[in-house]
Structure formats: C-alpha cells, structure tokens
Amino acid sequence: MAKEMIIAQELAKQQREISVSEFFTKNRHLLGFDNPTRALLMTVKEACDNSLDACTEAKILPEIKVEIKKIAEDRFKVIVEDNGPGIVKEQIPRIFAKLLYGSKFHHLKQNRGQQGIGISASVLYSQLTTGKASVIISKIHKNKPAHYYELKIDTSKNEPHILKDEIKEWNKEHGTRIEIELEAKYQKGRQSVDEYIKGVAIVNPQAKITYITPDSEKIIYERATEELPVEAKEIMPHPYGIELGILIKMLTETSSRTLQGFLTSEFCRIGPGTAKEMCDKAGLKSEMKPRAVSHDQAEKLFRAMQEVKVIAPPTDCLSPIGSALLEKGLKKELPAEFYITVSRSPVVYRGFPFSIEIGIAFGGELDKEGPVKLMRFANRVPLLYQQGACAITEAVTETNWKPYGLQQSGSNMPVGPAVIVVHMASVWVPFTSEAKDAIAHYDEIIKEIKLALQECGRKLGLYIRKHIHAQEHQERMNLFEKYIPEVASSLAKLSGEKKSNIEQNLLMILKKETPKMNGQNGEGKA
Amino acid sequence: MDKMAKGKHNHGKEALTELGNDIVADIRKKKNPTINLPVRALSNVSFDTKKKSLVLGNKVAERSFFNVAHAKKFLQTVEVASVAKELLQQEKHASLRDVFYMAKRTIPGTKINIVDEQVESDGVIEDLELITGASREQLHMTANKMGSVVGNVTIEDAGDTIHWDKLGSGGYSVPSSVEDIKFKDVKANYILYMEKAAVWERLNEDKFWKKNNCIIISSQGQTTRGIRRLLQRFYEEYKLPIYVLCDNDPYGYWIYFVIKYGSINLAGQSERLTIPGVKYLGITCDDIEKYDLKKHFIKMKDTDHARLKQIAEYPWLKDDKHWQRQFKMMKQMDAKVEIQSLSSKGISFISESYLPNKIKNKEFLD
C-alpha cells in the first residue's frame, strides 16, 4: 500500500513537469507541424489569420505583406507585416511566446482563430528547429512608440522568455511585423504557401496582399472592394451544441447564483420557462446553486437540455462573404469566362449556426484537362490538406454534375475547365481532427452544401449549354459549307445544270436558312 | 411539289433526271431543296382486303437539305441517284455492294464519309425506288443472287435455253431480276418453296421434283426479291399452286407472310411481289404433335417471343383464327422446331412420307 502511494507520488511529480510546450514538442504532428513543408505553411497561415482578424475587429482595410526568404537549403525566414491595430506592449510576449494564451477555444464566434493553435506554436517550432528567437515589432498609434521584442518560449513553464525588449523607430502609423526563422521546405502546387495566399485573396477581397516568394518574385493581390466584412457577433452557446465537459466547467465558473439564472444568462434561447422545464426534467431545483450540482446531476441536466424543445440559435451572428464580393474575389484571381456565386441563408447544425457560400468559375484559361479544382474554405481560411476526408468533397462528388454540363464518372470529382469554391462560415466549424484540415460529415452541412452546389450547377448548366451550342452551331454551318459542293456535283449529274450555279444558290439559301436551323435543335434563338 | 406522283415512269433514267430537275428548280427559287417520299413504316401501311396484300398509304415525309436531321440523308439520296443515272447511261449493272463503294467517299475538309455502312446506301436505294417509281433492278442496281431451282421447266435467259430438269445437283441459280426470263415449257404441277437450302439439296438428291412433278425452289433465309417475283410469275402466268416449307419459328412464319402479303418495307412494290394464294405446308405446331418432334425443341429466346407477338398483332393477321391458334400454341410450347428435325425419322422421311402425305391430304394453312 505504502509502496504504491510512493509510486503514485513519483508519477505525479513527473506529470506536473509536462507543460503544454513540452507536449507540443512531442506531438507537433497533431498541430500541423509534422513536416517541413507544412511547418512553413502553418507559420504563414497563423500570422495571416491574426492580421486579418485584427483588421476586421479594428475595421481597418487590411494591407498585408508576406515575405519568405531562403536562408539555407532547409531554412527559411517568414516575415509578415500588417497595418492592423497593433498590440499593446504588455500583451506582446504572451501572445507570441505563451502557448494557448487568449485561446478562442470556448468562444462561439465566427473567426479565423478557431483554426490553429496560434502563432506561438510557430515561435516554438522556430526555436526548436533553429534555436533562434522570433522578432516582433508592433505599434498601436502614430504618436506611440513601436515596441521591438526578441522572444522565445520557456518550454518547461510555458512562459515567454524575453531576449530583447526595446523601443524602435518604425515608419508606420500602426501595425505588427513578425519575423520567424524555421526549418522548412518550400514547394509549389496544391498544398503550397502560394496556393494558400491565393485562396486568402479570393475569400478576402477587402485585403491587399503583397507576397514575395523565396525566388524573390513579387506577387500583388489587389483589393477588389473597400467594403469591410461585418464583424461577426459572439453568441452564447445553444443547449443543443454543448458538451457535458463544458457544461460542468461552465457550472463551476458561473457567477449566477441559481441554476435557472445560469441557464438563462449563459445560453442562448433559454428563457425562465424553458430553464424551469429543464430543471424539472432533470429532477433539480431551479433555485439550487450551480456550483452545488454534482457530476451525476450535471449529466441529468445535460440530458434534459437536449430533450427540451428549444428554438434554433440566432443566425445573424455570422459574417458571410456575400455573393457579390465572392464573385469579385473569384474574378480577380481566376482567369475564367463565367462566374456564378451563391450565398445561402444561415441554417443550424447541432445548435451551431452556419452558412454555406459557393462560387464556380468556368472556362477561359482554366485547365481544360483533368478534374475540376476544388478550393475549400472555413471562416475565410483555405483548407489545403485532407481533401478526401472533408464533408465539402463528399458533397461535391455526390452531386450529379452531368445535367450541369460537366463530365463525371460515378461519384468522382467532376471533370472540366472549372474551379469550385466552397466556404463554410460558422461560429463553430466541426473539424475532423486537431490539425483542422477537413470538415466533419454532418448531414445538415452536406445537405446545405449540396443545395448550394445545385443552385450554382443549374446556372452553370444553362451557360454551358448555350455556350457549347453556339459552338456546335458554328461547326454545323461549316459542315454545310462542306456538304454543298458534294450535293451540287450530284445534282449537276442528275439534272444537267452547271455545278457552280447550284453551289452559289445553295450558299445563298444556307444564309437564309441558318436561323431556322437553330430552332431545329430546340435551342431557341442564338 | 410532288416528286413522287410524277415519278411513276418505268424508265429509271427519265425519273432520275426529273428528280434532279425538280430539286434544282427549288434551288433556283432559293427554296430549301426538298424531296418528298412515302413513309416506310407500319403507320403508313394498310392491308388491302380486295388485293389481299399490303399497300402503302399516303403519308409523305419531307427530306430537306438544310435541316440538321436530314442533311446527310439528303446528300446520300442525290449521290446514290447520280450513281444510278451513271449506271443507266453506261448501260451497266452494279451490285448493291458496288453502289456502296461508288457512293462511299470522305467529304473534303471533314472526317465524314457520305456513307459508312452498306445498309445506308441500301436504304437510300429503297427510297429511290419509291421516289422514282422504278425498282432497283430498273435502276441497274442488283442484289446478290441467291437460291436455286429445279423442276420440269424450260426457260430462255439472256439468249440461252435452260432445262431446269437437267442441272445436276446445283440447279439453276435465280438472278436478282427475272423480268426478262421467258418460260418456254412448264410441265410441273406445283411449286414447293423452302426456307432452307439444305432441305432443297435433300429433296433434289431424292429427285422429289421428278417423282412428284413439281418445282422445288429455295433461298437461304429471307426470300430474295428475284425469287418472290419468279414465284409470282409462275402463280399468275401458269396458276401453279405454291407451297411453303419453313421452320416452325416466328422467323419461318414471317418469311411465309412476306411472300403471301408483302412486307412493310416493300409495301410500295406489293403488286409485283406478293402472292395471296400461296399456302403454308409446314412445319406447323400440329406437326409437332403428329410427328412427335417435341424432343427436338429449341427454346425460344426473348427476341423470338417479341417477334411472335409483333406478327400476331399485325392487323392483317389479328382475325385469322387458324394462324392465331398456331401463334398461341407456339407461345405455350415456348419452343422452335427446324424442318431438318424430320430427319430423325429417317433421312428421306421428308420426301417419301411427310411432304407427299401433306400435299395429298391438303394439310396446309392459308
């Protein structure tokens, strides 16, 4: 007995010493830093997400500069600079050098931040692979100084380790700039930084992005609109979307003095009547103290909350891109000849509001060979990995594209010169894993994506039919011109009339008969 | 303009020239050149109860050049017509296969052939027969000759005198056009036509025609127009009874009905092809019982049942009690029986017993 206690104490000692940072060190693959290519992408992504979220909150038209410098074969420096509101001095070390600081995890609000562990993960990865500190400059007002920091993370304590803290001249009204050096690999293609930034530019038409590649190529993604996205509102959790663990945590942290008060003030769509009904159903007194709720009681309450009828959460908390702006985004980045966009009204899955937006670009200079290119987005962030595991992919491949003018064999990706953009905006995007690459397969979500795809598909089909028919019509005219000499020579033999006379007359009739022939195909007037 | 009614000449050349002139007249008037032709389909065929044969109705289809659906057919029609006119001008005959190759050509600047398969040119030739009123033989286009005949008959063909009773084992081969054959001496009492060439060889070896003083004639499968016309001439010029011997299956029945009433496709030429007085000798469903042929059943396929149903529903057979009884029996037995199954009773059972008895007892269907 005593011996066991001692072992347990030993274990406890060891356990205490495993900090979040150390956990990260050992499990970096869970967080998207599993290979050098992906580490580079994650770093650019976290920095851009922060910049865009900050600009949206501060109502600033974003102007972001991303630069990737090649230091050595397997070493790169990522520099991201924005014109955002800047960060107050005290916050800088914690935001960049403390893991999970200010995590948006329990907040139900549509923002980019839900999708990564945060920029501090990149700082840690940098120090693990290069031993170097990350450099941050931030300025919050033209009359205030710019703060310069060189930061590392104390991995055993998960606290910032400040190497330099200075005031510097920075010729900028406000904004933040970070420099992170890391072991990485740069490559082009579907899962590249290039592709990521292009995706960001499509779904953030309000942003101007300047990107300098490792090959010193400068790409400027111009702003397509001065219209700022409406800031999404944070909402209270809906009883249908809560998990037991979170409910228990909320019960202990609440400042409400009664269970009824807790339910009405910390959840949306629960009034006193509904709260009472839930308590009754759980066999709990509505006046009891939330902190006094035992684990068993919490479970009963949880079940009661799922059973009582509650109206759907409000959906005006979302900030979709909107059909017109999405179209602007597509037009500036995809060289197609036809664009369709659809932005569907918000609906709800498991108590979380979400909205699906779809854009299709067709024809023009888009690749004519091979399957359609699918671009997936969640809360305006491109999803580049795990396409096969994503609900969006399932919705696209399960849609029958043949009636919409694209080729498709079975339940495969359709084939044709098209790009399909699918954006899911939600207060809580359900990812399949912590790496947050793929959206989980909820029926409500797949159904909504399919409806949006069908809506776009119908318009695409109309366009393709008209377009292709116009082409066929021309081909047919050319064909008649080839038939005419043959018919003329046969008729000349039969009748004795001169072949050239017959030919000339037939060519004249062809012009006259052309409009009638369109009708023969049921296409209507060309 | 009705190019069809005008074309009832027998002179192919003139009819073709007129067809050409009519189309060119359309073109001069800047009209979409159009050929009218009777519809060759069940919907435009009726049974003439007086003549007891199929006749073509009045439905006319238009074939216009400047119509996406018709253009190629139109081109094929004028092309094959010009081939026919050339043949007539040069006084030469060409086989249907020759005509196919004479019309087959890739249109310059395209990957399109004027005709790709012989069935296309064959179909256009049948159209031209209706358009011009001249048979394909009159347009100097001939089908492969097929089929043999022997019997107590002497004819003159292309200046040669031919005795049909002195032709050994092969017999006289029936040409595709029999119009110019002269019958010099016809001693036979009746004609026996059979679907199978192999049965004809059996009967010729047994000298069935000599013993029974008849003519035996066969083609392989579907009866050629040459043979149908030859049978009709014997029937009309010498009033010879004609008996038909086919397999007991829907196809065999169909062969018989085409000889008797004509076909939908050639309803326009019924007058010179059909023989309403022809009789069906066998094999019948009753023969199966009588001669115990059940053990030689061949199971009917879905396509056989479909064809049987189609035949049974033809308006000209719908009220024929005797035939409907056969159709019903065949359907119930779900089986076909070949003529040659009679050989199970002995190689010459057919010539020594089956046929003489049937004819003597007038055991046939009308």
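**View 1. B:Asp22 lies in helix 2 (residues 12-28) of chain B.** Helices (H or I, at least four residues) and strands (E, at least two) are DSSP runs, numbered from the N terminus. B:Asp22 counts as buried because it has 21 C-beta neighbours inside 10 Å. The cut-offs are 20 or more other C-beta atoms within 10 Å of a residue's own for buried, 12 or fewer for exposed, and partly exposed in between, with C-beta atoms placed from the backbone. B:Ile35 is 13 residues from B:Asp22 in sequence, and their C-alpha atoms are 8.7 Å apart.

The model is predicted: local features need pLDDT of at least 70, side-chain atom pairs count only at pLDDT 80 or more, and totals for chains, interfaces and linings use all residues. Residues are numbered from 1 along each chain as its sequence is written, while chains are lettered from A and ligands numbered from 1 in the order in which they are written.

**View 2. Helix 4 (residues 96-103) of chain B packs on helix 5 (residues 118-132) of chain B.** The angle is about 105 degrees, and the axes are 9 Å apart. Axes are lines fitted to C-alpha atoms, for helices over the stretch in contact; angles run from 0 to 180 degrees between N-to-C directions. The two helices are therefore roughly perpendicular (65 to 115 degrees; under 35 is roughly parallel, over 145 roughly antiparallel, the rest oblique). Helix 4 of chain B contributes B:Leu96, B:Arg97, B:Val99, B:Phe100 and B:Ala103 to the contact. Helix 5 of chain B contributes B:Gln118, B:Ser121, B:Asp122 and B:Ile125. Contact requires C-beta atoms, placed from the backbone, within 7 Å. By class, five residues of this contact are nonpolar, two polar and two charged. Ala, Val, Leu, Ile, Met, Phe, Trp, Tyr, Cys and Pro count as nonpolar, Asp, Glu, Lys and Arg as charged, and the others, Gly among them, as polar.

**View 3. Chain A meets chain B through 24 residues of chain A and 29 residues of chain B.** On the chain A side, helix 13 (443-495) and helix 14 (499-520) each supply at least two residues. Helix 13 of chain A gives the most, with twelve residues. The chain A side divides into twelve nonpolar, five polar and seven charged residues.

**View 4. B:Phe234 sits in helix 8 (residues 225-238) of chain B.** B:Phe234 counts as buried because 22 C-beta neighbours lie inside 10 Å. Beyond its neighbours within four places in sequence, B:Phe234 contacts B:Ile191 and B:Leu240. B:Phe183 is 51 residues away in sequence from B:Phe234, at a C-alpha to C-alpha distance of 9.0 Å.

**View 5. Helix 6 (residues 197-205) of chain B has buried residues B:Val199, B:Trp200, B:Arg202, B:Leu203 and B:Asn204.** Among the elements they pack against are strand 12 (190-194), helix 7 (208-212) and helix 13 (349-360) of chain B. B:Lys207 follows helix 6 of chain B, with a positive phi near 50 degrees.

**View 6. Strand 1 (residues 63-72) of chain A pairs with strand 7 (residues 208-212) of chain A in the parallel sense.** Five bridges link them; pairing needs at least two DSSP bridges. A:Val66 has A:Tyr211 of strand 7 of chain A as its bridge partner. Strand 1 of chain A also runs antiparallel to strand 2 (residues 75-82) of chain A, over seven bridges. There, A:Lys65 is bridged to A:Glu81. Strand 1 and strand 2 of chain A form a hairpin, with two residues between them.

Notes. Contact = placed C-beta atoms within 7 Å.
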